Amino acid sequence: MDALNAKPGLLKQANLTEIRCFLREKGTATRAEIAEGTRISGTTVRALLCEMLEDGEIESVGRDASSGGRRAERYGLRRDRYYGAAVCIAEGKLHGLLVDVYGQVIESVLLDAPEEEAPRAVFDFLDGVTARHEIRAIGVGAPGVADGDGFLRKRAQEDALHRVDIGRALRERYGLPVVLENDLIATTLGFGRCYAREFPEEDPEHANMAYLYFEPGCVSAGFIVGGRIVRGINRFAGEIGLVPMLDERPLDEWMAEPMDDARYIACVTHIAGWVCGMLNPQYVALGGPGLRRDCVAAVGEGLSALLPGPMQAEILYASDRWHDYRDGMAYLTAQKMMNRVKIVKA
């Protein structure tokens, strides 16, 4: 590793975090592969692997074929040792998730609660899951602007934003790392990762894509550039429905007007064109209950005619928002399980 500004105890935790992240990325690895990939000394890797084996955090998955000497033992994270818990909130629904260390959803349940009672339902779900499993991180996705402590949201029929400080309350109650994320950003991340699994030649760690989500009278977006989520300086990136049009009305109001398919296709094509001109993504995914599915192909054709070749993106249809949303929050929660110590390199 590079020089690490930390006390010995934190240095050990940082090394453990590096090993956990490496094993999650690679699936399995030998001691030599871990030492080379993390740049932690072989002696330290050996000692930490022994500790992780004793704790039941990792397991031996066999030995490599012999190359003339002693066969190297291969290790992997145990899926049934530690878990994360996540809740996805959107469209008046709440989904509770049990997540393993690889970001796979082990259980998914629909929580029965109206949106105004979402905090109570979140705590009820987490009380139950923490009683049954050893939970190492919590994730919550919800509409609104997410920061470290909660979400900024607009109440119905009100223009002012109000804060829901659920993050702080979760940390105080459970004493666990908590990740909060905007629902559409989590959905965008999940769509990109699902797409990469379907097409293994794609690398989600270097993805460049946009996700445009259409609801009746509302348009929003999520962006990933170079594998990183784009949030903006005030975390308002993607709120394209608030952008004023030429008549000074916001895009949301403009899109709420009745329009035939030809005008609708032209509008969506130009929205996708703005995104391509600013971010030059490889993909633009279109989804949401307000999207006219039978117009998607025409949007792709219109974009090809509207933009020069190097600016064009492939138009994809996002058919299952909840699947992508759950996948994105599962990944973020599992990532939080790994990142227990912030590494500060000189």
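**Helix packing, buried residues and cysteines in a predicted model**

Thr 188 lies in helix α6, where helices (H or I, at least four residues) and strands (E, at least two) are DSSP runs numbered from the N terminus. The structure is a predicted model, in which local features need pLDDT of at least 70 and side-chain atom pairs count only at pLDDT 80 or more, while totals for chains, interfaces and linings use all residues. Residues are numbered from 1 along each chain as its sequence is written, and side-chain values use heavy atoms, with hydrogens and water left out.

With a relative accessible area of 1%, Thr 188 is buried; buried means under 20% relative accessible area, exposed means over 50%, and partly exposed lies in between (1.4 Å probe, protein chains only). When residues up to four places away in sequence are not counted, Thr 188 touches Met 209, Tyr 211, Gly 222, Phe 223 and Ile 224, a contact being defined by heavy atoms within 4.5 Å.

Two packed helices are described by the angle between their axes and the distance between the axes. Here axes are lines fitted to C-alpha atoms, for helices over the stretch in contact, and angles run from 0 to 180 degrees between N-to-C directions. Helix α6 (residues 183-198) packs with helix α10 (residues 321-338) at an angle of about 95 degrees, and their axes are 6 Å apart. The angle makes α6 roughly perpendicular to α10, given that 65 to 115 degrees counts as roughly perpendicular, under 35 as roughly parallel, over 145 as roughly antiparallel and the rest as oblique. On the α6 side, the contact is made by Asp 183, Leu 184, Ala 186, Thr 187, Leu 189, Gly 190, Phe 191, Arg 193, Cys 194 and Arg 197, and on the α10 side by Arg 321, His 323, Asp 324, Tyr 325, Asp 327, Gly 328, Met 329, Tyr 331 and Leu 332. Sorted by class, the contact of α6 with α10 has 9 nonpolar, 4 polar and 6 charged residues, where Ala, Val, Leu, Ile, Met, Phe, Trp, Tyr, Cys and Pro count as nonpolar, Asp, Glu, Lys and Arg as charged, and the others, Gly among them, as polar.

A further pair is formed by helix α8 (residues 261-279) and helix α9 (residues 296-306), whose axes come within 9 Å and cross at roughly 55 degrees; α8 and α9 are therefore oblique to each other. In α8, the residues Ile 265, Val 268, Thr 269, His 270, Ala 272, Gly 273 and Cys 276 meet Ala 298, Val 299, Gly 302, Leu 303 and Leu 306 of α9. The residues of this contact of α8 with α9 comprise 8 nonpolar, 4 polar and no charged.

Helix α2 (residues 31-38) and helix α3 (residues 42-55) also pack, with axes that come within 9 Å and cross at roughly 120 degrees, and α2 and α3 are therefore oblique to each other. The crossing of α2 and α3 is right-handed. Arg 31, Ile 34 and Ala 35 of α2 make the contact with Gly 42, Val 45, Arg 46 and Leu 49 of α3, and by class this contact of α2 with α3 has 4 nonpolar, 1 polar and 2 charged residues.

Val 122 has its place in helix α4 (residues 118-132) and counts as buried at 0% relative accessibility. Apart from residues up to four places away in sequence, Val 122 touches Val 87, Ile 89, Leu 94, Ile 166 and Leu 170. The C-alpha atoms of Val 122 and Arg 63 are separated by 43 Å, although these residues are 59 residues apart along the chain.

Positive phi values in residues other than glycine occur at Arg 235, with phi near 65 degrees, and at Asn 280, with phi near 50 degrees. Arg 235 lies in the loop between β14 (228-229) and α7 (251-255) and is partly exposed, with a relative accessible area of 36%. Asn 280 is found in the loop between α8 and β15 (283-287) and is likewise partly exposed, at 42%.

The structure holds 0 disulfides, a disulfide being a pair of cysteine sulfur atoms within 2.5 Å. The sulfur of Cys 218 is 15 Å from the closest cysteine sulfur, in Cys 267, and is therefore too far for a bond. The sulfur of Cys 267 is in turn 11 Å from the closest cysteine sulfur, in Cys 295, which is also too far for a bond. Cys 218 counts as partly exposed at 25% relative accessibility, whereas Cys 267 is buried, with a relative accessible area of 6%.

Definitions and conventions: A crossing is left-handed if the near helix is turned anticlockwise from the far one by less than a right angle, and right-handed if clockwise.
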